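Subject: Structure for your files, with notes

Hello,

Please find the structure below.

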Amino acid sequence: MSNRTSDPADLADELQDVVGALVRRMRSASPSREISLTQVSILKRLDREGTATVAELARADKIRHQSVNVAVAALIERGLVDKTADTADLRRKLLSLTEAGRTLLAERREAGSGHIAELLADRLDPAEQQQVSAALTLLRRLIE
């Protein structure tokens, strides 16, 4: 940040710029697979937390049920997610990651995270890396 400020509006604007640039950089390093950020978020959540319903995914990511439904339909069509009936309640449909979904996530993580890890190692000294780590803790509080 060029003009160190604690004004929340200025911080929010700068944060949007930086996060956007990081996302673009990670996407450029990731394999081109024509997948939206919402779809990636769904895949990551299913990978991290296991099976879920569309409603649970929508609540967790704070997005509309319909938006998740559209994204999930595309993921199912591409074979990245499976939908099965819940054996305890046949009205509920459970979503789970397929092997193809896991593979896609692994490729994206390797390419994107590897690229960011290289940048962290090459451009920041250990003390600065610790500052980034501390900032991540604060940023996570913003999204909880």
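Predicted model: local features only at pLDDT ≥ 70, side-chain atom pairs only at ≥ 80, totals over all residues.

Residues are numbered from 1 along each chain as its sequence is written, and side-chain values use heavy atoms, with hydrogens and water left out.

Helix packing

Helices (H or I, at least four residues) and strands (E, at least two) are DSSP runs, numbered from the N terminus. Axes are lines fitted to C-alpha atoms, for helices over the stretch in contact, and angles run from 0 to 180 degrees between N-to-C directions. Angles under 35 degrees count as roughly parallel, over 145 as roughly antiparallel, 65 to 115 as roughly perpendicular and the rest as oblique.

Helix H2 (residues 37-49) and helix H4 (residues 65-77) have axes that come within 9 Å and cross at roughly 75°. H2 and H4 are therefore roughly perpendicular to each other. On the H2 side the contact (heavy atoms within 4.5 Å) is made by Thr38, Gln39, Ile42 and Leu43, and on the H4 side by Val68, Ala71, Val72, Ala74 and Leu75. By class, the contact of H2 with H4 has seven nonpolar residues, two polar and no charged. Here Ala, Val, Leu, Ile, Met, Phe, Trp, Tyr, Cys and Pro count as nonpolar, Asp, Glu, Lys and Arg as charged, and the others, Gly among them, as polar.

H2 also meets H3: the two axes come within 11 Å and cross at roughly 105°. That makes H2 roughly perpendicular to H3. Ser41, Ile42, Arg45 and Leu46 in H2 are in contact with Leu57, Ala60 and Asp61 in H3. The contact of H2 with H3 divides into four nonpolar, one polar and two charged residues.

Salt bridges

The whole structure holds six salt bridges (a side-chain nitrogen of Lys or Arg within 4 Å of a carboxyl oxygen of Asp or Glu). Below, buried means under 20% relative accessible area, exposed over 50%, and partly exposed in between (1.4 Å probe, protein chains only).

Arg45 takes part in two of the bridges described here. With Glu49 the N to O distance is 2.9 Å; both residues lie in helix H2, four residues apart, about one turn of the helix. With Asp61 the closest N and O atoms are 2.7 Å apart. This second pair links distant parts of the chain, with Asp61 in helix H3 (residues 54-61) and Arg45 in helix H2, 16 residues apart. Arg45 is buried at 14% relative accessibility, Asp61 is partly exposed at 22%, and Glu49 is exposed at 52%.

A further salt bridge joins the side chains of Arg92 and Asp86 (3.0 Å, N to O). Arg92 is partly exposed, at 31% relative accessibility. Salt bridges that share partners join Arg45, Glu49 and Asp61 into one network.

The loop residue

Asp86 sits in the loop between strand S1 (81-85) and strand S2 (93-97). Its relative accessibility is 12%, and Asp86 counts as buried. The side chain of Asp86 reaches the backbone nitrogen of Ala88 at 2.9 Å. Leaving out residues up to four places away in sequence, Asp86 touches Arg92 and Leu94.

Regards

Conventions
Polar contact = N/O pair within 3.5 Å; in protein donor to acceptor, adjacent residues only side chain to side chain.
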